[in-house]
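Subject: Structure handover

Hello,

Here is the structure I promised to pass on. Please open it first, then read my notes below.

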Amino acid sequence: MTAECEGVAEARFLAAADRQRLIDALMDAGHEVHGPVVRDGVIRYEPITTIEELPRGWRDEQQPGRYRLQRQDDERLFAWAAPAHSLKPHVFAPRETLFTARRDTEGRLTFETAEPEAPRIAILGARACDLAGLFLQDKHFLHGPHADAAYRARRRNLFLIAVHCTHPAATCFCAATGDGPVARYGYDLAIGEIDAGWLLTARSEAGVAMLARLPVQEADEEQRQAADAAFTAATRAQTRRLPEGDLPARLAALAESPAWAEVAERCLACGNCTAVCPSCFCHAHVEETDLDGGRSRRLRQWDSCFTAGHSLLHGRPVRADIASRYRQWLTHKLAGWHEQYDRSGCSGCGRCITWCPEGIDLLAEATAVLETAE
Ligand code: SF4
Ligand code: SF4
């Protein structure tokens, strides 16, 4: 094994005893630090101030419809796969006010645009699949001449510290989508975790400046090889594969496949898969009006293509049944996004499989649809 992995090729080594220094440096630089913690039976991002809050020794078991945590007797802080939440809520708020309209006593209307809350947040431990999800959210919210102001404000204030994955779950397939397990873009700093500490790589000016604040030294060959070996093993451990061939064309030709009705027998249209997906961006606009009619707020909140209301046109849902909604979700994710944003809408995080109460697996369903052509 040679130390050629781009994840650690130019890495600097931070000893395990000095890891708190990174959190301290981030806070000194004015960032609120959000890192993975064990809470309510899952690993999720929360504000942290000490390295002790990270999930030391925890492992996750993820299967279709199943997520469990187990404790191991080791010092690893990142030896688990995708956390319960992606980075999406940090930039695309689940519910926020866009503007408020007020009517005065003489009936005149005034409009106030809401100032987005955009604290300077450093995310410690962003996964490669979620950085790819963020890239896709950027494509949606920042493209064209009218970038979304609230999204842009929060996105600009994010400092991203990736962690290369070493322990993928059974639901992961980022290696198949080309997005992981090593983070390749979209971060300021990246961590390769080995027993002795962290191999840190900077990818932005801000990352280089942060690295300069830390007591790092050049990583030696043995440390690089240990990290390389872990990344190679993480890639090989992933056995899930995307169906081969021109998926957009193949799926488009199967809009009437009986497999859509078969999956609809199991799908609850709960929308869990879209909520946990790092790249899903569908939302609804709703009005909240005071009882006296003096004030009305326009809110944007997450929506899902699995709700009947999401496809309402002229009072009737375009996708009236679950089969057509599941088809919309899967074909948009694996096919439509290629046309829209030049890549698949899936980064292989596996969350939609883990968090589906029915354990529905989009890869298995895509395969089932494609097999009906044969
Ligand atoms: S596929 Fe699963 S998670 Fe998604 S809407 Fe259907 S039941 Fe819910
Ligand atoms: S479609 Fe599923 S596996 Fe792909 S990025 Fe979304 S949640 Fe992750």
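Start at G30. This residue sits just after helix 1 and takes a positive phi of about 95°. Keep in mind throughout that the model is predicted.

How far can the model be trusted? The chain averages a pLDDT of 94. A score of at least 70 is reached by 98% of the residues. Where pLDDT is low, predicted coordinates should not be read in detail.

Helix 1

Helix 1 covers residues 19-28, and L22, I23 and L26 are buried in it. These three span an arc of only 95° around the axis, which puts them on the same side of helix 1.

What do the buried residues of helix 1 pack against? Their partners are strand 1 (12-15), strand 2 (32-39) and strand 8 (121-126). The face turned away from the buried side of helix 1 carries Q20 and D28, both exposed.

Two domains

The chain splits into domain 1 (12-236) and domain 2 (247-371). Their C-alpha centres lie 25 Å apart. Domain 1 puts 37 residues into the contact, and domain 2 puts in 31.

Which elements of domain 1 supply at least two residues each to the side that touches domain 2? They are strand 5 (66-71), strand 6 (95-103), helix 3 (128-142) and helix 5 (174-177). Strand 6 gives the most, with nine residues. By class, this side of domain 1 has 17 nonpolar, eleven polar and nine charged residues.

Two ligands

Look at ligand 1 next. The residues around ligand 1 include the cysteines C267, C270, C273 and C356. Also there are L268, A269, G271, N272, F306, P357, E358 and I360. By class, this shell has nine nonpolar, two polar and one charged residues.

Then turn to ligand 2. Which of the 13 residues around ligand 2 come nearest? They are C277, C346, C349, R351 and C352. The shell around ligand 2 has seven nonpolar, four polar and two charged residues.

That is the tour. Write back with any questions.

Best wishes

Technical notes
Residues are numbered from 1 along each chain as its sequence is written. Chains are lettered from A and ligands numbered from 1 in the order in which they are written. This is a predicted model: local features need pLDDT of at least 70, side-chain atom pairs count only at pLDDT 80 or more; totals for chains, interfaces and linings use all residues. A residue is buried if 20 or more other C-beta atoms lie within 10 Å of its own, exposed if 12 or fewer, and partly exposed in between; C-beta atoms are placed from the backbone. Helices (H or I, at least four residues) and strands (E, at least two) are DSSP runs, numbered from the N terminus. The arc is that of the directions from the helix axis to the C-beta atoms. Two residues are in contact if their C-beta atoms, placed from the backbone, lie within 7 Å. Domain bounds come from an automatic or database domain assignment. Ala, Val, Leu, Ile, Met, Phe, Trp, Tyr, Cys and Pro count as nonpolar, Asp, Glu, Lys and Arg as charged, and the others, Gly among them, as polar. A residue is near a molecule or strand if its C-beta atom, placed from the backbone, lies within 6 Å of it. pLDDT is the predictor's confidence in each residue, from 0 to 100.
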